[in-house]
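Here are my notes on this model. Please read them with the structure open.

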Amino acid sequence: FLNAEVYPVITFKSKRVEQDSKNKGRLIGDLTIRDVTREVTLDVEYSGLMNGPWGGTSAGFSGKTVINRKDWGLTWNVALETGGLLVSEQITIEIELELTQVAQPGAEAVA
């Protein structure tokens, strides 16, 4: 379906962020699947900050978008005996992301 032997990597390169409110916005960027690149928009929600047990602060984010797989040349499918097709044209992409800020070595203040 994805021909992972030839195309082992799917990439997303962000271009801009549009903030709707304090915790919600959109992340716009280029999604590349099988050497086909298209712009997509992820609806993003900021979950907040948390101090980690080993130091550092983490920020949580959730992102979601729906794409049509045929826009990336993913056309393979199989008809089912009961009617319909095995693979939907619409694919939902959901991302749960945690970013952690860690102290840089040697960044401690010297007294």
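1. Start with the pairing of E3 and E4. These strands run antiparallel and are joined by eight bridges. The model is a predicted one. Asparagine 51 has threonine 57 of E4 as its bridge partner. Five residues separate the two strands in a hairpin. In that turn, glycine 55 shows a positive phi of about 95°.

2. E4 also pairs with strand E5 (residues 90-101), again in the antiparallel sense. Here there are 12 bridges. Asparagine 68 lies opposite glutamine 90 of E5.

3. Next, the aromatics. A search of the whole structure gives one aromatic pair. The ring centres of tyrosine 46 and phenylalanine 61 are 5.4 Å apart and the planes stand at 45°, so the pair counts as tilted. Tyrosine 46 belongs to strand E3 and phenylalanine 61 to strand E4 (residues 57-68); they are 15 residues apart, and the pair links distant parts of the chain. Tyrosine 46 is partly exposed, at 27% relative accessible area. Phenylalanine 61 is partly exposed too, at 24%.

4. The largest nonpolar core holds eight residues: Leu31, Ile33, Val40, Leu42, Val44, Ile67, Trp72 and Leu74. Strands E2 (24-33) and E3 (36-51) are the elements that each supply two or more of them. E3 gives the most, with three.

5. Finally, look at tryptophan 72, a member of that core. Leaving aside residues up to four places away in sequence, tryptophan 72 touches Leu31, Thr32, Ile33, Val36, Arg38, Val40 and Ile67.

Notes: Residues numbered from 1 in each chain as written. Predicted model: local features only at pLDDT ≥ 70, side-chain atom pairs only at ≥ 80, totals over all residues. Heavy atoms only, no water. Core = buried A, V, L, I, M, F, W, Y, C linked by side-chain atoms within 4.5 Å. Buried < 20%, exposed > 50% of the residue type's maximum accessible area, 1.4 Å probe, protein only. Helix = DSSP H or I, 4+ residues; strand = E, 2+ residues; numbered from the N terminus. Contact = heavy atoms within 4.5 Å. Phe/Tyr/Trp six-rings, centres within 6.5 Å; stacked < 30°, edge-to-face > 60°. Pairing = 2+ DSSP bridges.
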